[in-house]
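Subject: A structure to look through

Dear colleague,

I am handing over a structure that I would like you to look through before we next talk.

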Amino acid sequence: MTSALPAALDAPRQLWRRFAGWLHERMPKGLYARSLLIVILPIVLLQSAVAYFFMERHWQAVTSRLSAAVARDVAALTDFYEAFPKDEHRDIIQRIAGEDLSIDVHFLPKEPLPPPAAKPFFSLLDHTLSRELSLRLQRPFWIDTVGRSNIVEIRVALDDSVMRLLAHRTQAYASNSEIFFIWTVIASLVIIAIATSFLRNQIRPILRLARAAEEFGKGREVAFSPRGAREVRQAGAAFLEMKRRVERAMEQRTTMLNGVSHDLRTIITRFKLSLALIGETAETNELKKDVDEMERMVEAYLAFARGDGGEATAETDVAAILDELKTDTERRGLGAQTSFAGRRQVAVRPAAFRRCLANLVGNAQRYAKNISLTAVNDGHMLTIHIDDDGPGIPVERREDAFRPFYRLDESRNQDESHSGLGLAIARDIMRSHGGEVTLEGSPLGGLRATVTLPV
């Protein structure tokens with residue numbers, strides 16, 4: 001018994017989860033749209049509840065009372081005619097009905113009543129008036145609430161004739177209820193318009209903060225000052241404080257690295273000077289090669305640690321950089337081709353961006369005979385493919401290739417100074433721009449390095 005209860009509850013839970021998942025997929029994802037939904041949904045529910053629980057009941061009550069009054073008038077006129085059936089009394093009945101009751105009365109020859117008319121879709125008046133007439137009349141009757149929109153026609157079968165009564169629809173039906181709905185809709189639209197305006201003003205500072213954070217992540221400087229509600233201003237102030245701390249840390253690191261770079265270059269210069277004073281021998285030539293190798297490695301280490309973060313962002317012709325890399329590749333005796341689609345100018349740090357592409361192209365130059373450079377700027381994303389026909393990199397080792405100082409002895413070596421920093425520097429530069437560098441198989445048979453950058 002105890003195990004059957006959880007099993008019985010499992011189906012409703014699964015149904016609820018499916019409904020919640022379906023609803024979550026269709027709910028708006030933006031803060032502005034969700035805020036509007038929070039404002040609009042209660043208004044719609046409130047107005048619907050008021051319209052149904054109050055106005056619909058009120059409408060029915062008023063219509064019932066008006067229809068009862070018309071039914072009483074019809075019954076009174078019928079009783080009066082039955083009490084005074086002579087022809088001379090018909091004029092009196094017509095005069096009293098027209099002047100005091102606002103009902104037009106006509107007497108038709110004795111004939112069968114028309115067949116019942118089709119019930120309208122919204123038959124509140126038809127149903128209510130028929131019920132009230134049935135309670136007060138003991139004779140057959142026929143009503144038409146549809147044929148003439150402003151007139152309600154009632155026919156009562158008498159002994160020697162048919163009494164035809166024409167009353168205004170407003171006498172039996174609460175016809176002014178739509179005014180309430182019109183004013184309700186107008187008031188709702190005004191409230192929604194005011195709420196939309198206020199929400200837009202509250203969302204705009206959040207969007208500015210997001211844009212400033214995005215631009216800062218891409219290494220671009222953007223003017224930003226906290227605005228909006230107190231919580232939004234607090235978030236903006238926290239962002240500015242974080243930005244100042246990051247910039248201060250970068251400045252301190254750059255200052256330290258400049259000092260280290262100066263000291264190391266001084267020592268390497270002393271080595272070179274000492275080797276030059278010793279003279280040309282087989283041993284000194286080997287030592288000079290080692291010193292040159294050490295100098296290149298030190299420059300690579302410092303460049304990787306420094307990250308080229310001090311360079312300013314500027315509009316850069318990416319197609320021109322690709323053409324320069326193509327010329328450099330052809331100068332080495334290799335085949336190269338380039339293609340570019342879209343806007344050529346992109347806001348990047350020029351030297352750092354060129355070095356990123358140069359590292360990727362240089363990596364291909366060492367192990368391939370043909371290189372293809374393809375770039376597309378669709379207005380939202382800049383995508384650059386660097387394809388080669390070299391030996392490539394195994395799939396399981398492509399991500400490892402971006403690790404600093406990692407060497408792929410079986411296939412490729414990323415940096416000609418053997419520091420293993422070429423791809424690591426390229427990815428670090430691109431990520432500092434808010435982009436990414438990935439590796440995959442190339443259509444040429446070798447390796448494809450893909451650079452993606454939001455623009």
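**What was found**

T63 lies in helix α2, which covers residues 31-83 (helices are DSSP runs of H or I with at least four residues, strands are runs of E with at least two, and both are numbered from the N terminus). Before going further, please keep in mind that this is a predicted model, in which local features need pLDDT of at least 70 and side-chain atom pairs count only at pLDDT 80 or more, while totals for chains, interfaces and linings use all residues. Residues are numbered from 1 along each chain as its sequence is written, and side-chain values use heavy atoms, with hydrogens and water left out.

Is T63 buried or exposed? Its relative accessibility is 0%, so T63 counts as buried (buried means under 20% relative accessible area, exposed over 50%, and partly exposed in between, with a 1.4 Å probe and protein chains only). T63 and T128 are 65 residues apart in sequence, yet their C-alpha atoms are 7.5 Å apart in space.

For the protein as a whole, there are 11 helices and 11 strands, and buried residues make up 35% of its 455 residues. Among the contacts with a separation of 6 or more, 65% come from residues 24 or more positions apart, where contact means heavy atoms within 4.5 Å.

The largest nonpolar core has 34 residues, of which F353, L357, L360, I384, I386 and L439 touch the most other members (such a core is a set of buried Ala, Val, Leu, Ile, Met, Phe, Trp, Tyr and Cys residues joined through side-chain atoms within 4.5 Å). Helix α10 (350-365) is one of the elements that give two or more residues to this core, and with seven residues α10 gives the most. Leaving aside residues up to four places away in sequence, L360 touches I386, L423, A426, V437, A449 and V451. Another core, of 27 residues, lies apart from this one and includes V105, L137, M163 and A172.

The axes of α10 and α11 come within 9 Å and cross at roughly 145° (axes are lines fitted to C-alpha atoms, for helices over the stretch in contact, and angles run from 0 to 180 degrees between N-to-C directions). Where the two helices meet, the residues of α10 include F353 and L360, and those of α11 include L423 and A426.

Finally, the structure holds three aromatic pairs (rings of Phe, Tyr and Trp, the last by its six-membered ring, pair if their centres lie within 6.5 Å, and planes under 30 degrees apart count as stacked, over 60 as edge-to-face and the rest as tilted). The rings of F224 and F239 have centres 5.7 Å apart and planes at 85°, so this pair is edge-to-face. Because F224 lies in the loop between α6 (178-217) and α7 (230-278) whereas F239 lies in helix α7, the pair ties together parts that are 15 residues apart in sequence. Both F224 and F239 are buried, and ring pairs link F216, F224 and F239 into a cluster.

With best wishes
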